[in-house]
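Thanks, everyone, for making the time.

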Amino acid sequence: MFVSIILLWLCVWFIVLQLKSRRPKNFPPGPPALPVLGNLLNLSLENPLKDFERLRKKYGDVYSLFLGPKPMVILNGQSAIKEALVTKGIDFAGRPDDLFVNDVTQRRGVILADFGPSWRDHRRFALTTMRNFGLGKNSMADRIHGELQYTVDALEKNIGKSVSPGILFYNMASNIICQVLFGTRFEYEDEFIKVIVRCFRENAKITNGPWAMLYDSFPLIRNLPLPFVKAFENVKVTMAFGRALVSEHKNTKVPGDPRDLVDCYLDELDKRAGEDSILSEEELVSVSLDLHFAGTDTTSNTLLTGFLYLMAFPHIQERCQQEIDEVLGGKHPVTFEDRHNMPYMQAMIHEVQRIANTVPLSVFHSTTKDTELMGYSIPRGTLIIPNLGSALKEEGQWKFPDEFNPENFLNDKGRVCQTRGLPAFLCRSSDVSGRGSGSYGAFPHLGDSAEEVQVCLASGRRRARLDSGLRGHPVSQTLLHECPAQGDTVRRSYNPVSIILATSH
Ligand code: HEM
């Protein structure tokens, strides 16, 4: 009997040892991991960002955790992130391929495509085509101004009432990118935009929520009817819309005279007909939905944060308006070139991007080969999580790391002195189709809006609105403490109209 118990105990111990997650040799340090669970108990499922910061204090800028049995490395601070994503860009340019997001997107498109010919070809295509259609040029600014007029109209319809800017900004950003992708904008009540925006928002929430983390940690639950199933259904819906748009383009396009990115891709497909090409109609649908999502979610959340901070810090808003008045002197509309004479506006936009921390853990990377980082060895195929927030508020790197203050981007002469790695963090390998486009998009938006509208929090409801609308949003906590008391709003130069923006999503 005694021998049987010892044998049983040895068997259990052996099984536990086999299941235990082991760190490879010279791997970055980290907390001990449990069999099967890995480090799941070290992280909050709702919001692991604070845990990442806590673990950084204990284990340093580069540490490791286990997602179930899978090892992953968390990068913190500017030096570690820069060394990985910029200096050793190619070594860290892969994407993991066994996560929730990969299954949802069927491993197609550009954002989540692994480092290789398909990613390279599609990224090059997206970058060239978006530039041809105006990215970083005034023709893009024209599209933005055009769309902004619809937003201002929508705001005016709500004069004296509270509006939810979340959906409004989402629609606006979506329509701007739709014009480049599909050559058209959609009325805000159009079924396409309503459904697509709903699906994007729901999927962004699911992807960043607890169910996606459980899906990634426990492969056995992946086929169960749990809440993450909704994301798969949403992708089916958006793919169906995408296919319909592509097929409509096929019927109406004039070869050699492209109207938009979809036409360009179809022309390229015709050119490569008969070749063994990685381009295909299904890839086209995925790439255009990828770009639509990438350009919509990030831009609208950044704008939302920008407006919120401008409401909460009226002296910064006033200084922007003063610069706009001095430089533009009533000239309308603002152009992309005007930014060179508007350092404070530019600094404010960089600062909004810094403080918004819109994509706090970036898009997960993976190593493309065995490599080294800050003296540690990291094997090929390791999941890499860049904790961008840790760099965007790093002590010693910013004049005011925890404050919303455009001075962070201005030198003593009042010139924009640096963009401190902001673009570097938005890239995979050496450059990227999304790089810079975010700040470009934000410039005319914030410039135009600040010219016309002075925004304030709805007085008396501030605390309630912030609590309900921005729960979990990094700015809510800061604002609840820092927000100075204010009265209701005025539309600048168009008194006595008042627009009250409530900050619920
Ligand atoms: C404020 C606005 C934006 C922010 C904060 C932002 C942020 C990011 C981040 C953090 C990444 C991950 C980079 C990496 O893999 O290391 C990314 C990738 C990407 N973004 Fe953006 N982005 C913005 C706007 C846009 C826009 C307007 C577009 C295009 C319409 C875009 C298209 C992309 C694409 C295609 C990728 C994937 C690149 C690749 O995997 O090679 N982004 N973005």
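Let me begin with β4 and β7, which pair in the antiparallel sense over two bridges, and please keep in mind throughout that this is a predicted model. Within that pairing, H365 has I384 as its bridge partner in β7. On the other pairing we see β7 with β2, where the sense is parallel and there are five bridges, and here I384 is again a bridge partner, this time of V73.

If we now step back to the whole sheet, it is an open one of four strands in the order β1-β2-β7-β4, with mixed pairing. The edge strands are β1, residues 62–67, and β4, residues 365–366, each of which pairs on one side only.

How many residues of β7 are buried? Five of the five are, so this strand is largely enclosed by the rest of the structure. In a regular strand, side chains alternate between the two faces of the sheet. In β7, L383, I385 and N387 point one way while I384 and P386 point the other, and all of them are buried. Lying across β1, β2 and β7 we find helix α2, residues 49–59, which runs at about 125° to β1.

Turning to the nonpolar cores, the largest has 92 residues, and those with the most contacts inside it are I74, L75, A84, L181, L261 and Y309. Helix α12, residues 281–312, supplies the largest share of this core, namely 15 residues. There is also a second, separate core of six residues, among them I206, A212, F228 and A231.

Finally, consider helix α13, residues 314–328, whose 15 residues should span 21 Å at 1.5 Å a residue, and whose end C-alpha atoms are 20 Å apart, in agreement with that expectation. Its buried residues are Q317, C320 and I324, and because they fall within an arc of 60° when seen down the axis of α13, they line one face of the helix. The face of α13 turned away from that buried side carries the exposed residues H315, Q322 and E326. After the helix comes G329, with a positive phi near 50°, and that is where I will stop.

Technical notes
Residues numbered from 1 in each chain as written. Predicted model: local features only at pLDDT ≥ 70, side-chain atom pairs only at ≥ 80, totals over all residues. Core = buried A, V, L, I, M, F, W, Y, C linked by C-beta atoms within 7 Å. Buried ≥ 20, exposed ≤ 12 C-beta atoms within 10 Å, placed from the backbone. Pairing = 2+ DSSP bridges. Contact = placed C-beta atoms within 7 Å. Axes fitted to C-alpha atoms, helices over the stretch in contact; angles between N-to-C directions. Expected span 1.5 Å × (residues − 1). Arc of directions from axis to C-beta.
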